[in-house]
Amino acid sequence: MSDKEKSTETKREGFSTTLGVLAATLGSAVGLGNIWKFPSLTGQNGGAAFVFVYLICVLLIGLPVMISEFIIGRRAGANNVGAFKKLEPSPTKPWYMTGVVGVAAAFLIMFFYTDVAGWVYSYAFKSLTGGFSQVGATETADVFAKYVGSVAGPLVWQWIVLATISVIIIAGVTKGIERMTKTLLPILLVLLLICDIRALTLPGAFAGVEYLFRPDFTKITAGVVLAALGLAFFKLSVGMGTMTTYGSYIGKKENMPANAVKVALSDTLVSILAGLAVFPAVFAFGFQPDAGPSLLFITIPAVFKTMPFGQLFLTMFFVLASIAATGAMISLLEVPVAYLTEEKRWSRMTATLVSAGTMGVIGSLATLSTSTLSDTLVFGKTFFDLFDFASSNIALPVGGILICLFVGWKLGPKVIMDEASNAGALNNVVFLKVFTVLVRYVAPLAILAVLLNGLGIITF
Ligand code: PHE
């Protein structure tokens, strides 16, 4: 390494401690995916059987892709595009396009994510300021319809969300991302556990527990499997370079595979805990579990309204969801920011403002999907659904295949062993052998099969 390279490398920011690495990566994984998507998709796809398929996707696909991204990021010590360029400099082999697609996917996700995060922030604000105290349990559907059907409110909240995360991102990797996630994650866990205890001690709560854990395998279809795979990618923040970018901030002495396992397990646990806060309450009060995306905003407030201390729990629940959404969005915004500052030499401030601004402008199409643009369909979907489907169910799985192929075949077993064992310092040879098989064969083939099958291109 030349002196010049060394000096730019030491200037690069990174996560300062092992706990900081865990907090940031877990803070990225835990988000609206756990609290909003997991319960609503589980409810729409038949409960426990979906959860079962989801768990398999996490273990066999999501986890290997996460470790792969860490390997790419830390080995190269660069952003999502620069990393591929460093590891494959040949211009005739454009692997860096994987990184470019990843940056595009970060935008695609943010277009709708900031919209939902805006709903969550506004619900947190409304319940904190007593705005729900006059709303009866039967009126929550109207309240939600009125809110998302309006134009100014959701747009303003989307911009408040973008401004909040921009401030954190401008503060930098150590002072912004690491510090925020380390402070917020424990608060989130405590709030979630309190909501769980409340829900599980309701009379009739057990039906919800059963719904989450007793599978009915006849419910599994190709579409259900693709939804579970898409959710696994989305949940673990993999397939588009978030973990590559964060991997580049991980120190050379950190145990990356162990961190990935911890993130995958904890994230799954948080999803289950969110499910246990939602479904027992839903069943206890006789609501339907399959309300879809509105589950969180109609059913949950209604449920909380009908229970003692409901106002307090409602507030806690939405504050918690806001915290989770924030950690995830920081990691999404960091992907283009790292790319623009390193590859295009923009200042962190400019990169953040331009990226967030773009997310706000195009993201308003998603936000207006529930009001003025509700009849505007592209490929038969509203902008909101299009951004959601195209990112989770297409861009992330395709990115996942490319990432697996790059690490499994282009970098190959030797580099995998070297990088993921810290040049032999970690005693994890057997684990890495299993990982190598998963990343070379199992994960890419499984993703391809599920993708083609789920999109109806081939049927088994
Ligand atoms: N994992 C986040 C969530 O569950 C979403 C996310 C996806 C974040 C992709 C970063 C990258 O909400």
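Helix 4 passes helix 17 in a left-handed crossing, where left-handed means the near helix is turned anticlockwise from the far one by less than a right angle, and right-handed means clockwise. This is a predicted model, in which local features need pLDDT of at least 70, side-chain atom pairs count only at pLDDT 80 or more, and totals for chains, interfaces and linings use all residues. Residues are numbered from 1 along each chain as its sequence is written, and side-chain values use heavy atoms, leaving out hydrogens and water.

**Helix 4 and helix 17**

- The axes of helix 4 (residues 48-76) and helix 17 (residues 383-420) come within 9 Å and cross at roughly 65 degrees.
- That makes helix 4 roughly perpendicular to helix 17 (under 35 degrees counts as roughly parallel, over 145 as roughly antiparallel, 65 to 115 as roughly perpendicular, and the rest as oblique).
- Helices here are DSSP runs of H or I with at least four residues, numbered from the N terminus, and axes are lines fitted to C-alpha atoms over the stretch in contact, with angles from 0 to 180 degrees between N-to-C directions.
- Residues of helix 4 including Val65, Ile71 and Arg75 meet residues of helix 17, among them Gly400, Phe406 and Glu419; contact means heavy atoms within 4.5 Å.
- By class, this contact of helix 4 with helix 17 has 11 nonpolar, two polar and five charged residues (Ala, Val, Leu, Ile, Met, Phe, Trp, Tyr, Cys and Pro are nonpolar, Asp, Glu, Lys and Arg charged, and the others, Gly among them, polar).

**Helix 15 and helix 16**

- Helix 15 and helix 16 (residues 348-367) pack at about 135 degrees, with axes 9 Å apart, and are therefore oblique to each other.
- Helix 15 passes helix 16 in a right-handed crossing.
- Among the residues making the contact are Leu333 and Val337 of helix 15 and Ala351 and Met359 of helix 16.

**The nonpolar core**

- The largest nonpolar core has 158 residues, and Phe15 and Ile71 are among those with the most contacts inside it; such a core is a set of buried Ala, Val, Leu, Ile, Met, Phe, Trp, Tyr and Cys residues joined through side-chain atoms within 4.5 Å.
- Helix 15 (residues 310-343) gives the largest share of this core, 20 residues.
- Not counting residues up to four places away in sequence, Phe15 touches several residues, including Val21, Ile177 and Tyr249.

**Thr242**

- Thr242 lies in helix 12 (residues 242-247).
- With a relative accessible area of 1%, Thr242 is buried (buried is under 20%, exposed over 50%, partly exposed in between, using a 1.4 Å probe and protein chains only).
- Leaving aside neighbours within four places in sequence, Thr242 is in contact with Ser28, Glu69, Ser237, Ser331 and Val335.

Note on methods:
Helices (H or I, at least four residues) and strands (E, at least two) are DSSP runs, numbered from the N terminus.
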